[in-house]
Amino acid sequence: MGESMQGLHRSHRCTEVSNENIGQTVTVMGWVQKRRNLGSLIFIDLRDRSGILQIVFDEDIAGPEGFEKAGNLRSEYVIAVTGKVNRRSAAVNENLKTGDIEVAAESLRILSESETPPFPIEENIQTKDELRLKYRYLDLRRPDLQRNLIMRSRAASYVRRFMENEGFLEIETPMLQKSTPEGARDYLVPSRVHPGKFYALPQSPQLFKQLLMCSGYDRYIQIVKCFRDEDLRADRQPEFTQIDMELAFVDENDVMDVNERLLQYVFKEAAGVEINLPLPRMPWQEAMDRFGSDKPDTRFGMELTDVSQTVAGCGFGVFTNAIESGGSVRGINVQGQAKMPRKKIDKLVEFAKGYGAKGLAYLCVNEDGTYKSSFAKFMSEDELKALAAKMEAQPGDLLLFAADQNKIVWNVLGALRLEMGRELGLMDENQYNFLWVTEFPLLEWSDEEQRYLAMHHPFTMPMEEDWDKIDTEPGKVRAKAYDIVLNGTELGGGSVRIHRNDIQEKMFEVLGFTKERAWENFGFLLSAFQYGVPPHAGLAYGFDRMIMHLVHADSIRDVIAFPKVKDASDLMSGAPDTVDEKQLKELGIGFLE
């Protein structure tokens, strides 16, 4: 059984003890990492969130009772030790911050005993994720995860410090909100007081932060939990954290300027990473044409090339049919990979099919200048030559092509480019390539709903020079929207908001809302807009994703204290779970058989 503290006070965390404390008496507390019993001496590695400190038990100093107690210590026992700081008598450990000192224990108190943990509490363990997440409270003791969460805490402090100096106010917005028609992925909360009615948990504080601008608060920030009931990926969770902001009396350049300086400050202070400003900007169309992605990873080349004109008159039906039906043929050059085995190329074809391709065409440029290709028999030598030249191919290069509607071609080659970049080790994790992607389309066509949807949200301001196309060519209207991208991850996104009623009403009309329905769903915002609304714009970061990059984590789960797994459940607590019949009755909820 554990003993109580009995008035004992910790004087230092483990690695706060240093050479400066030699000769002093300290009291340290933590978990037993390991014990080495050398007969006349017992060594304990004591661990807390700061790191490891060596404790040495000598019977002459600790006394027979203390020495015997030390002999009974096991991994993960929680102990308190008082003793004198000495230079290490044995070899110095260069890998430890406290590697040249130790504490000679004078007294030991066992605060809590521990069963043998289901996996070792060590860095970089190969334990299965399911086991780690079931015992997350133990997993969180591991030094690598502790470093991640300490970094997260520090980064949040730096964000708040910077934004406060820039005149931002931290204001909380409600967690219990009204569900909107665009909120198909809302988590719903039943109301006990209003039977049959529901609140929604926020996917974003969007409408409330716009209202704060109407209320004159000028610059708002919030580090806030948001919720989205969608399928999970490596960088997605059902509940996630945003750095959310809105600014009044600004245009997009003001928002980008303050955010570039915020990123520069946070990355320098938190991780010592230097970011050169201004950050590059790239229009959406250019990003799609060059990288097949609106969040391009610019750490390596292998850019897309449009070869539609080069192959327009060739005899390969797959290419010509795509072009004739309004699509395109594009390719990437995987340099030096012409000798890739056919089996591996077949795997890439299957990979491409997973992104909507019907297939993948390839052309190997052999070292002797000859070609090996899946479509050589449909094209003349000159046509193959022209195609290779358009792709800037050298002997030894592998060319991969997709032919379909633009959206599919971009999707396929964008994903393939990243896959090849990963396989060939072209991504330097110590390189931080930031990029603004700008001029997004305002709307995107949904085949499923047979109508235009807002690419960002219905409150995004169109570019004035495109507004005259809203009735004739709505798909060609660009938005005053901008995403901040880091190494192929969308770190954040934002836009200038519509602050004029006539444009907002027209936007709802284009999205298929009647005036009545728009007022029914967004009445409180439209009503506020009748009382003097300033021009305003904003941005929100995925804070979890930002931390993921700061610590080079592979998954968003490694920077969240208690994450969910792929099916949005919590293996540790067992959520979601059934609830008491009485609770459901109170809420007026029953289940259909």
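Which element gives the largest share of the lining of the second largest pocket? Helix H4 does, with 4 residues.

This is a predicted model, in which local features need pLDDT of at least 70, side-chain atom pairs count only at pLDDT 80 or more, and totals for chains, interfaces and linings use all residues. Residues are numbered from 1 along each chain as its sequence is written, and side-chain values use heavy atoms, with hydrogens and water left out.

Stop 1: Select Gln 33, Arg 47, Ile 52, Leu 96 and Pro 143, the closest to the pocket centre among 30 lining residues. The space here is about 720 Å³. By class, the lining holds 7 nonpolar, 10 polar and 13 charged residues.

**Stop 2: the core.** Select Leu 263, Phe 267, Phe 434 and Tyr 541, which touch the most other members of the largest nonpolar core, a set of 104 residues. Core members are buried Ala, Val, Leu, Ile, Met, Phe, Trp, Tyr and Cys joined through side-chain atoms within 4.5 Å; buried means under 20% relative accessible area with a 1.4 Å probe, protein chains only. Helix H6 (residues 252-271) gives the largest share, 8 residues.

**Stop 3: strand E13.** Select residues 328-334, where 7 of 7 residues are buried. Helices (H or I, at least four residues) and strands (E, at least two) are DSSP runs numbered from the N terminus. Ser 328, Arg 330, Ile 332 and Val 334 point one way, and Val 329, Gly 331 and Asn 333 the other.

Terms used: Buried < 20%, exposed > 50% of the residue type's maximum accessible area, 1.4 Å probe, protein only. 1 Å grid on protein atoms, 1.4 Å probe; cavity = no way out; pocket = protein on both sides within 12 Å on 5 of 7 lines; lining within 4 Å. Points joined across faces, edges and corners; volume = space filled by probe spheres on them. Nonpolar A, V, L, I, M, F, W, Y, C, P; charged D, E, K, R; others polar.
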